[in-house]
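This briefing sets out the architecture, packing and chain contact of the structure shown below. Topics are grouped for quick reference.

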Amino acid sequence: MIESQRHSYHLVDPSPWPISGSLGALATTVGGVMYMHSFQGGATLLSLGLIFLLYTMFVWWRDVLRESTLEGHHTKVVQLGPRYGFILFIVSEVMFFFAFFRASSHSSLAPTVEIGGIWPPKGIGVLDPWEIPFLNTLIPLSSGAAVTWAHHAILAGKEKRAVYALVATVLLALVFTGFQGMEYYQAPSTISDSIYGSTFFLATGFHGFHVIIGTLFSIICGIRQYLGHLTKEHHVGFEAAAWYWHFVDVVRLFPFVSIYWWGGI
Amino acid sequence: MASAIVRSGLGSAIRGGASTPRAFIASKRTFASHGHHDEAAEASKWEKITYLGIATCTILAVVNLSKGHPHHEEPPSYPYLHIRNKEFPWGPDGLFEVKEHH
């Protein structure tokens, strides 16, 4: 911390990233709607918006890493902010996924006459839950064990072992995504096949998307651990990644039990 | 009378709790497992659990992959299957809809 500072709070410098992120989000939304309604220039605006958004994410997080790791602004009390913020973010993610499971349960507990009054709807082929779906539930759980190994290795000051553990976490995540891609490719139904396809692919697809985000988060943590950014006392970024990863692997249990297993037999 | 005793008891407990140095010691964060040795043992335990998970997943992956993928029969064209309400910007099919067996 700076010598002359007599408090432990971080008074942030003015930053252009909140407004650039907002403009990127606006361009993405408007461009996305234009693209889906076949307006001229929709694809261009959507692409520019996404590039702008990704650029903002990169430079904003780069600045946060500089402020915390290089400038030492993240004191114990400052660390509370990102912790509470991240916990609230995960709570909002739980609600996001709850909506999809609710939609699935609503549609499957009392199937309408339009789909033959049965679940899965008449004519819908389902996957055997004990083949790829079960394997793809064990893989994220093993990856969750690997991230716990990484956490204890960081706390024990075993820097190299922590890197290995994060490599294992990421490899398992990539294998999961590979199997999920294979499952989608071989699946007998698609997202446009009745309410079954809609709820199935929305829930499992958003879970898969979250796995990809968690994989990127773990890759960044692995690189930062390799570079020596994470210490025994200060590794908030890693903790957030570990919480997120545990959220993603626990959430997988719900589609496995309710959509693949209960809803598919 | 009884409520007054409870009130004064609670009051002294709160005051006492806040003023004694013991409270400061108690507020210091202590973990069930602290110190390098315990963390190293925990790391080693979770490393073993990870290896066990990888071994199980590898066996299951080999079993699943050796089965070959299942073939499904084409269902009758019920109105709720293959729903099309409007054209996609990129063509007739959804981006991930074109399947091997189609």
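What percentage of the 265 residues in chain A do buried residues make up? The share is 35%. The model is a predicted one. Chain A holds seven helices and zero strands, and the contact between the chains draws on 37 residues from chain A and 31 residues from chain B.

**Overall architecture of chain A**

- Read from the N terminus, the order of elements is α-α-α-α-α-α-α.
- The C-alpha trace of chain A extends about 75 × 50 × 25 Å along its principal axes.
- Of the contacts in chain A with a separation of 6 or more, 74% join residues 24 or more positions apart.
- The domain assignment divides chain A into domain 1, covering 9-73, and domain 2, covering 76-264.
- Between the C-alpha centres of these two domains of chain A the distance is 25 Å.

**Helix α3 of chain A**

- This helix comprises residues 76-109, 34 residues in total.
- Its first and last C-alpha atoms are 49 Å apart, close to the 50 Å expected at 1.5 Å a residue.
- Because the number of buried residues is three out of 34, α3(A) lies largely in the open.
- The buried positions in α3(A) are Phe100(A), Ser104(A) and Ser108(A).
- An α-helix has 3.6 residues a turn, so residues three or four places apart point the same way.
- Helices α6 and α7 of chain A are among the elements that cover the buried residues of α3(A).

**Nonpolar cores**

- The largest nonpolar core contains 38 residues, and those with the most contacts inside it are Ala146(A), Trp149(A), Ala150(A), Ala153(A) and Ala165(A).
- At least two residues of this core come from each of α4 (132-155), α5 (159-186), α6 (194-226) and α7 (236-261) of chain A, and likewise from α3 (36-67) of chain B.
- Helix α4(A) provides the largest share of the core, namely twelve residues.
- Apart from neighbours within four places in sequence, Ala146(A) has contacts with Ala165(A), Ala168(A), Thr169(A) and Leu172(A), and also with Thr50(B).
- A second, separate core has twelve residues, including Tyr196(A), Phe201(A), Ala203(A) and Ile259(A).

**Contact between the chains**

- Chain A contributes 37 residues to the contact and chain B contributes 31 residues.
- On the side of chain B that touches chain A, 16 residues are nonpolar, nine are polar and six are charged.
- Thr50(B) is one of the residues in contact with Ala146(A), and Ala146(A) is among the residues with the most contacts inside the largest nonpolar core.

Note on methods
Residues numbered from 1 in each chain as written. Chains lettered and ligands numbered in written order. Predicted model: local features only at pLDDT ≥ 70, side-chain atom pairs only at ≥ 80, totals over all residues. Core = buried A, V, L, I, M, F, W, Y, C linked by C-beta atoms within 7 Å. Buried ≥ 20, exposed ≤ 12 C-beta atoms within 10 Å, placed from the backbone. Helix = DSSP H or I, 4+ residues; strand = E, 2+ residues; numbered from the N terminus. Contact = placed C-beta atoms within 7 Å. Domains from an automatic or database assignment. Nonpolar A, V, L, I, M, F, W, Y, C, P; charged D, E, K, R; others polar. Expected span 1.5 Å × (residues − 1).
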